[in-house]
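I opened my notebook to look up a few contacts in this model.

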Amino acid sequence: MDPARAPILLAGRHDLTLATAEAVGWRGAAVTIAPAALARMAACRAAFERLLADPDVVIYGVTSGYGQHASRRLAPEERLAHARRSPAAMQAAWGAAFPERVARLIVFARLANFLDGHAAVRPELARAVAAMLAGPLPAVPREGAVSAGEIPAPSWLFAPLLAGFAPREKEALALVNGAPVAAALVADAALAARGRVAAAEAVLALAAEAYRMPLGHVEPAVAALWGDPHELAAATALQALIAGGVAERRPYQAPVSFRTLPKMLGRLRREAARAAEVAATSLAQVSDNPVFLPPDAAHPDGRILSTGGYHNAAAWPALQALAMSYADLCTVCDRMIARLLDGATSGLPDQLGGGDGEAGYLGTLGFAVVGWGEAARRAAQAVFLPGSESGGFVQNDLAVPTSLAWEGQEAAGLALDRALGAVAVVAAQALSVTGRPAPPALRDHLAAWQAAARPPACPTTPAARAEAVTRRLRDAIYPDGG
């Protein structure tokens with residue numbers, strides 16, 4: 001068995017980490033639940049049912065209606081029928097679906113509320129949710145999924161399970177409430193950002209080498225003076241990638257787009273680290289509403305409280321910050337291509353004509369990169385809490401824009417990947433026409449990009465070559481090529 005797809009054993013919610021999310025969501029690993037966790041869920045369910053026996057207890061969605069009907073009390077004989085209502089009315093979004101990897105991450109994140117008993121569901125439901133990861137999942141619409149909570153997306157995902165499960169009180173609500181979508185989306189973006197950092201550093205280091213950039217621009221001893229660990233890490237990585245390159249370098253400073261690489265890539269590293277931090281917190285957090293607090297000395301039957309824990313206020317700012325970093329790096333790519341193609345400043349053949357028979361003229365690639373930059377800037381427009389009331393009734397007066405922020409970073413990330421593909425083609429041509437090899441740490445990268453863009457793999461047009469390299473970059477970033 002592929003170690004990356006070995007089943008993940010979950011003993012508690014803190015076993016939901018970015019590493020286990022990657023294994024389950026991106027690599028297709030199955031999930032099993034530890035016996036101790038199943039026993040904990042059973043004990044919490046029994047305590048919850050003791051609470052439910054109190055005729056005066058008020059539990060949102062269990063002894064009361066949902067949403068605008070929250071003030072209506074349900075008679076005991078009404079509760080089970082209410083618990084088994086179809087979630088079809090919650091399926092309000094439609095359009096293109098989330099990728100399968102995201103749907104898997106939502107299912108995985110759903111288990112966080114269950115494992116330590118805070119959803120008060122039976123172990124059988126938790127096992128059924130975990131079992132969903134063994135097969136194909138229902139399509140989950142990604143467009144229009146903006147609401148006060150995250151109910152629309154999970155309602156599509158878990159409706160087939162409910163159709164064959166016969167849920168008891170609170171169990172259907174526990175499937176669709178909480179914040180598993182935010183956790184899934186920020187985890188997906190954090191994993192992509194990690195791969196995109198590596199891709200951007202490799203491509204932009206090759207461009208710096210093609211320009212014969214002075215090594216002082218990536219000197220870690222200088223970067224250490226800035227006091228930012230991410231900028232220092234970027235400078236160190238760039239220096240290692242360029243090490244062993246051409247000995248005769250430019251005797252004067254390179255343009256700003258080259259000199260600031262440790263700063264700009266340090267920013268990307270910082271935003272990627274922040275997204276990973278938010279993902280780690282979000283995956284393991286209890287976000288149910290209402291949430292069950294297990295029994296303690298003061299509350300032998302536990303407590304159940306309504307909460308706003310499903311409102312993940314950290315996810316969309318982290319996604320927004322990634323999108324903005326991607327958009328600004330598109331501008332860096334644009335400027336680098338312009339400098340490399342300008343023979344008067346680069347010292348290279350003007351527009352990189354000539355070479356080994358491949359299409360020499362690459363000036364029009366700069367046009368495309370300007371377009372990708374504009375697309376990235378549009379995608380990275382600021383996302384705020386929606387300004388109008390959500391859901392059509394008073395209780396749901398505040399929506400979350402997480403899915404919009406994820407869409408923005410996806411689009412900006414694609415634009416950056418395309419811009420990086422263009423830079424890689426230009427930098428590779430610069431080395432080719434001057435007869436220079438890549439530095440040792442970049443040789444395998446360069447060989448892979450050249451192989452992807454060489455006939456008969458693709459035509460020799462600039463667009464075809466850049467697109468082929470972009471596909472190779474995205475294959476390295478995403479398990480499904482993005």
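My entries follow, one topic at a time.

**Entry 1: the model**

I am working from a predicted model. I keep that in mind for each entry below.

**Entry 2: salt bridges overall**

I searched the whole structure for salt bridges and got 27. I then looked up several of them.

**Entry 3: Asp301 and Arg50**

I started with Asp301, which forms a salt bridge with Arg50. The closest N and O atoms are 2.7 Å apart. I checked where the two partners sit. Asp301 is in the loop between β3 (291–293) and β4 (303–305), and Arg50 is in helix α2 (residues 35–52). They are 251 residues apart, so I note a link between distant parts of the chain. I also looked up accessibility. Asp301 is partly exposed, at 26% relative accessibility. Arg50 is partly exposed too, with a relative accessible area of 43%.

**Entry 4: Asp188 and Arg101**

Next I took the pair Asp188 and Arg101. Their side chains meet in a salt bridge, 2.6 Å from N to O. Asp188 belongs to helix α9 (residues 180–210), and Arg101 belongs to helix α4 (residues 100–110). The two residues are 87 apart in the chain, and the pair links distant parts of it. Arg101 counts as buried at 4% relative accessibility.

**Entry 5: Arg270 and Asp228**

I then looked up Arg270. Arg270 forms a salt bridge with Asp228, and the closest N and O atoms are 2.5 Å apart. Arg270 is in helix α13, while Asp228 is in the loop between α10 (220–223) and α11. I read a separation of 42 residues for this pair. Arg270 is partly exposed, with a relative accessible area of 27%. Asp228 has a relative accessible area of 15%, and the cut-off for buried is under 20%, so Asp228 counts as buried.

**Entry 6: a salt-bridge network**

I also noted a network of salt bridges. Its members are Arg45, Glu49, Arg168 and Glu169.

**Entry 7: packing of α11 on α13**

How do α11 and α13 pack? Helix α11 (residues 229–242) and helix α13 (residues 261–284) pack at an angle of about 120 degrees. Their axes are 7 Å apart. The two helices are therefore oblique to each other. I logged the crossing of α11 and α13 as right-handed.

I listed the residues of the contact. From α11 come His230, Glu231, Ala233, Ala234, Ala235, Ala237 and Leu238. From α13 come Leu261, Pro262, Lys263, Leu265, Gly266, Arg269, Arg270 and Ala273. I sorted the contact residues by type and got 9 nonpolar, 2 polar and 4 charged.

**Entry 8: Ser325**

I picked Ser325 in helix α14 (residues 315–341). Ser325 is buried, with a relative accessible area of 1%. What does Ser325 touch, not counting residues up to four places away in sequence? I found Arg267, Leu268 and Glu271.

**Entry 9: Asp350**

Last, I looked up Asp350. Asp350 lies in the loop between α15 (343–346) and α16 (365–379). Leaving out residues up to four places away in sequence, Asp350 touches Leu341, Asp342 and Gly343. I also took a C-alpha to C-alpha distance from Asp350 to Tyr361. Asp350 and Tyr361 are 9.0 Å apart in space and 11 residues apart in sequence.

Methods. Residues numbered from 1 in each chain as written. Predicted model: local features only at pLDDT ≥ 70, side-chain atom pairs only at ≥ 80, totals over all residues. Heavy atoms only, no water. Axes fitted to C-alpha atoms, helices over the stretch in contact; angles between N-to-C directions. Helix = DSSP H or I, 4+ residues; strand = E, 2+ residues; numbered from the N terminus. Parallel < 35°, antiparallel > 145°, perpendicular 65-115°, else oblique. Left-handed = near helix turned anticlockwise from the far one by under 90°. Contact = heavy atoms within 4.5 Å. Nonpolar A, V, L, I, M, F, W, Y, C, P; charged D, E, K, R; others polar. Buried < 20%, exposed > 50% of the residue type's maximum accessible area, 1.4 Å probe, protein only. Salt bridge = Lys/Arg side-chain N within 4 Å of Asp/Glu carboxyl O.
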